[in-house]
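This briefing is for a reader who has not seen the structure before. Please look over the chains first, then read the notes below.

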Amino acid sequence: MKRDEALGESILEVKSLQKFFSVRKGILGKSAGIVKAVNGVSLRAERGKKLAIVGESGSGKTTLGKTIIRLYRPTGGEIWVDGHDISQLEGPELKKARMEMQMVFQDPASSLNPRRNVKAIISSPLEVHNVGTRVDRTKRVKELLNIVELSEDYINRSPGALSGGEKQRVAIARALALNPKLILLDEPTSSLDVSVQAKILTLLDRLQKESNLTYVLITHDLSVVRNFADTVCVMYRGRIVESSTTQEIFTDPLHLYTKTLLSALPVIYDEELAILPKPASLPSSNSNNAPDSEHRMIEAKRGHWVEV
Amino acid sequence: MAKSRLIQEARRKGDDWTEAMKYSLSLYRKDDLAVAGAVILSCLFFIAIFAYQIAPYPQDAYVSHFQNRLLPPSQTHLFGTDEAGRDLLSRVIIGARISLPMAFVIVLTSMMFGMPLGLIAGMMSGKVESVIMKLADIWIAVPSLVFALAVSAILGPSLTNSVIAIAFSAWPWHARFIRAEVWHIKQETYMEAAESIGASKLYIAVKEALPNALTPYIVKITTDLGYAILLLATLGFLGLGAQTPTPEWGTIAGEGRTFLPNSWWISTMPGIFIFLSVFAFNVVGDGLRNVLGIEEI
Amino acid sequence: MQNGSNDAILEIRNLHIYLNAYEGLAKIVDGVNCTVRKGEVVAIVGESGCGKTLTAKAIMGILPPQIKIEGSIRYKGMDLVALTEKERAKIRGSEIAMIPQDPMISLDPLLTIEDQLTDLICFKDMPQINIFSYYARRSRVEKQKGARDIAAKILEEVELTPPDRVLRSYPFQISGGMAQRVCIAMALQGEPSLLIADEPGTNLDVTTQKHMLDLLIARIRARHLTVIFITHNLAVARRIAQRIFVMYAGNIAEVSDADKTFVDPLHPYTQGLKKAVPTLLGTPMIGIDGRVPAYTNPPHGCRFYPRCPQAMEVCKQKKPELTKTKDGRMVACHLYN
């Protein structure tokens, strides 16, 4: 699948990525089947922009994120980060590649080790990659705390004593420690209250502008996507079914699944209802076409790809 | 959930770790049984440390006075005397200096072998884990007492050998425990986060997993200490542990066996101390379990 | 959705909920006044820790003994707080029912759905029973009442058809959406007059949640239920409720009709929420500074004072009461006195 290279420098480019898990059953652990969590995904994230991957549970979006960050080894396909294919790297090369990309995880309560303090958590990437002396690291931690709008005396606190928003800020500080180019955010605000969510998203936006970061946001919340992302990929059952700019996806959704998602969104203002696709034109159940039939993406409009 | 959240709010100032410890302590103080256990343990430690100062006839640990044989408890000899005329109270007090430290030696040795193996098994999984766990399973299949008997038979009965026997029979339990904890911990997101940073398995094992495994582990160790005392005493009782005249509690009880039920005090007094120490360790362990591991503070 | 008749089915007056925390007394819910009319669907909207779930549990009477309640909760004229546990148990399930938040942890993993439903049906009036009476009564009453058929019918009502498969399953064998419907069925089977829904569907996908809400709305209409719907999702509240109670830090901040609450918010907190919510219209999201007060040492006056962009001196000293405004809304704020 070719993309128009003139669209801007891409920090992340995923080509036909696959991640399969084999299901084992029985005492002998015989393979009983394969779960194709990520089944041929291609996407690109432009430097300095926010890409959102939207899908419901079971769509494979979290697996996709974890495969991109190499928590899993891809079963097939390529992952190009800043010009290097990291899909098959191992050992010290992989470790070095990790410095370019970091992840902010979904549940801040469990992504921070409750038995370590904030200083240890934020400096752990520095420790792992042997950056600076202990004194240097403490300085950097204080710097990072300032960047995420937390006061320096948070340095000795325990995660258990922090509020959800504060925890997530610490997680963001940890992700920023190594100055990565790419940050993956797996549902970063799903467990936060709406007023805190707004602050975190504002913070992320500011950080991006200051450091020219690239974000890949994995979420199920379409309203957040509308307000935060530049480009969107809609994911269903391990495949991308539609991808385009945020504006396009919301004003002119083409794929049935995208329309289903949009029409299911509860909204506050009546004006929003006007934007949503009319539910009457959709089938009542959301089950879809045969999972393994041949699919390909076509460029229905300029920059707007749909699966057929 | 509401409660701990409120405590969070209240704990905004200062070092959270010390606040958490203070809170745990205050909870512990509310548990009467646990407090009783802690008091008993403190007394026992005190007795062990100052044994030679406290004991009325410290030399009686080893010196015999056959003229005073088998005297019942009285004002001069609060616990009576044994078959060699030695003051039983002094012997039991000095026995604390043997049983308690040896219990720690036993548990620490098992930890030294069991914990790393369990950690490796839990983190590495796959073949390495299988091998370690199967080894542990085989080792456990032999009951510790039988194992200790075998060791005594080979190396000869003595305090040192019984300590060695018990210590080396217990490591699989530690390995299993730590491995189970690590399995549980592996599901937490911070382990994934550490991996995504590029941390090696060793770093993750020691810096991320171990601190979380320690909390329930401490509870286990406390109970293990009690069990170690019991096992040591059992071997002493059977004549396979500390040998006469070493005043180990089990050995004293074993010596007194032939004089039951007439000179009942010889076996009973050390028996009471064994009971008290095992009880105290267990109860403290229970108290700790209820009180530690409070994360949201 | 029309309004219900004017008689109040639930009247909460001056509700206080206290808890002994490590650092002192935590006054979480601090004087809540709330009236729900028969046939109305109201939503209590608030962020985490504001006390909305505590209030719901206080109405149900399922708070643990270390949590203390003061004030009155009048259901059809009866003060629930003054009742004994036995009397309360009679009301629970058959008059007031609750749909819990997380269906997966609310269902007993060791019993089939059928067992759980038939137990509810057969033992409605006997909340406490020993094991012998349980088995003795069960075989007898089950046949008498045709409990299984009732269970099947209830499941059909929540659109789990055919019901046999679900009845035979254990909770881990059904999906989250189905489990939520089972919980709704369990709440409905007692034929309650008042239904309390505690954040149902928060853990579900958007499409599943939509179906569940459609179903819930249909059942509420069909049975003319009075509903208190607790949620932190403003859009869901807007969709399902006629009136919305906005709750902050243990107090009701504002009570308005659903279509006015976010279009024209009165209380500064509601205004802050409105600015923070992401919408499809592309409005920027602005959060609220500060954090929820510590309940062990709350501000003396208005609890929102430290974070309020329109705070006045009087707000610091005096706590605002919930008062009526000209157009029938209620707000607890000195800006409107």
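Predicted model: local features only at pLDDT ≥ 70, side-chain atom pairs only at ≥ 80, totals over all residues.

Residues are numbered from 1 along each chain as its sequence is written, while chains are lettered from A and ligands numbered from 1 in the order in which they are written.

**Chains A and B**

- The contact draws 24 residues from chain A and 24 residues from chain B; two residues are in contact if their C-beta atoms, placed from the backbone, lie within 7 Å.
- On the side of chain A that touches chain B, at least two residues each come from helix H2 (91-98), strand E6 (101-104), helix H3 (108-111) and helix H4 (118-128) of chain A.
- Helices (H or I, at least four residues) and strands (E, at least two) are DSSP runs, numbered from the N terminus.
- H4(A) gives the most to this side of chain A, with three residues.

**Domains of chain C**

- Chain C is split into domain 1 (1-95 + 192-337) and domain 2 (97-191), with bounds from an automatic or database domain assignment.
- Taken over C-alpha atoms, the centres of domain 1 and domain 2 of chain C are separated by 29 Å.
- In chain C, 22 residues of domain 1 are in contact with 21 residues of domain 2.
- Helix H1 (52-60), helix H2 (85-91), strand E7 (194-198) and helix H9 (206-223) of chain C are the elements that give two or more residues to the side of domain 1 that touches domain 2.
- H9(C) gives the most to that side of domain 1, with five residues.
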